[in-house]
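Here is a short briefing on one structure.

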Amino acid sequence: MSHENHQSLINTLHECMVACNHCYDACLKEDDVKMMVDCIRMDRECADMCSFLEQALGRGTPFTAELAKACADICEACGNECKKHDHDHCKKCAEACFKCADACKSLVA
């Protein structure tokens, strides 16, 4: 299957990666960084996975379903962590993560 068939998911993955990277950077600047450690860690995991799946879809990976399932799980975990915090960047990140998790799930449904 060509990457054109996955363009919408590729865009969603990219948006999620950008949101996670922004949240990661903003969390590092919060007054109580220790309280943000789990959020920072999940932001990195999620951004890396979204970036990897975006690239893999672009090159026509034969592991689309497996990678999309893993990405959905990671996005959901990141979204759940981010939604624990009141910061605007965390709320926006959680929203992007849940949207991306849904998009990944619909690919493997």
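At what angle do helix α3 and α4 pack, and how far apart are their axes? Helix α3 (residues 64-82) and α4 pack at an angle of about 155 degrees, with axes 8 Å apart. This is a predicted model, where local features need pLDDT of at least 70, side-chain atom pairs count only at pLDDT 80 or more, and totals for chains, interfaces and linings use all residues. Residues are numbered from 1 along each chain as its sequence is written, and side-chain values use heavy atoms, with hydrogens and water left out.

- Axes are lines fitted to C-alpha atoms, for helices over the stretch in contact, and angles run from 0 to 180 degrees between N-to-C directions.
- Helices (H or I, at least four residues) are DSSP runs, numbered from the N terminus.
- α3 and α4 are therefore roughly antiparallel to each other (angles over 145 degrees count as roughly antiparallel).
- Their crossing is left-handed, a term for a near helix turned anticlockwise from the far one by less than a right angle.
- From α3, the residues in contact include Ala-68, Ala-72, Cys-75 and Cys-78. Contact means heavy atoms within 4.5 Å.
- From α4, the partners include Cys-93, Cys-97, Phe-98 and Cys-104.
- By class, the contact of α3 with α4 divides into 17 nonpolar, 3 polar and 3 charged residues.
- Ala, Val, Leu, Ile, Met, Phe, Trp, Tyr, Cys and Pro count as nonpolar, Asp, Glu, Lys and Arg as charged, and the others, Gly among them, as polar.

**Helix α1 against α4**

- Helix α1 (residues 7-28) packs on helix α4 (residues 88-108) at about 150 degrees, with the axes 9 Å apart.
- That angle makes α1 roughly antiparallel to α4.
- α1 passes α4 in a left-handed crossing.
- The α1 side of this contact includes Leu-9, Thr-12, Cys-16, Cys-20 and Ala-26. The α4 side includes His-89, Cys-93, Cys-97, Lys-99 and Leu-107.
- The contact of α1 with α4 has 16 nonpolar, 3 polar and 2 charged residues.

**Helix α1 against α2**

- The axes of α1 and helix α2 (residues 37-58) come within 8 Å and cross at roughly 155 degrees.
- That makes α1 roughly antiparallel to α2.
- α1 passes α2 in a left-handed crossing.
- On α1, the contact residues include Ile-10, Met-17, Cys-20 and Tyr-24. On α2, they include Ile-40, Arg-44, Cys-46 and Leu-57.
- The contact of α1 with α2 divides into 17 nonpolar, 4 polar and 3 charged residues.

**Cysteines**

- A search of the whole structure finds 0 disulfides. The cut-off for a disulfide is a pair of cysteine sulfur atoms within 2.5 Å.
- The sulfur of Cys-75 has its closest cysteine sulfur in Cys-46, 3.6 Å away, which is too far for a bond.
- Cys-75 is buried, at a relative accessible area of 0%. Buried means under 20% relative accessible area, exposed over 50%, and partly exposed in between (1.4 Å probe, protein chains only).
- Cys-97 is in no disulfide. The nearest cysteine sulfur to Cys-97 is that of Cys-78, 3.7 Å away.
- Cys-97 is buried, with a relative accessible area of 0%.
- Cys-78 lies in helix α3 and counts as buried at 0% relative accessibility.
- Leaving out residues up to four places away in sequence, Cys-78 touches Cys-20, Met-42, Asp-43, Cys-46, Cys-93 and Cys-97.
- Cys-78 and Cys-50 are 28 residues apart in sequence and 12 Å apart in space, C-alpha to C-alpha.

**Other residues**

- Thr-12, in helix α1, is buried, with a relative accessible area of 9%.
- Thr-12 touches Lys-99, Cys-100 and Ala-103, not counting residues up to four places away in sequence.
- Ala-26 also lies in helix α1. Ala-26 is buried, with a relative accessible area of 15%.
- Ala-26 and Ile-40 are 14 residues apart along the chain, and their C-alpha atoms are separated by 9.2 Å.
- Lys-91, in helix α4, is partly exposed, with a relative accessible area of 47%.
- Lys-91 touches His-85 and Asp-86, not counting residues up to four places away in sequence.
- The C-alpha atoms of Lys-91 and Met-17, 74 residues apart along the chain, are separated by 14 Å.

Notes: Helix = DSSP H or I, 4+ residues; strand = E, 2+ residues; numbered from the N terminus. Parallel < 35°, antiparallel > 145°, perpendicular 65-115°, else oblique.
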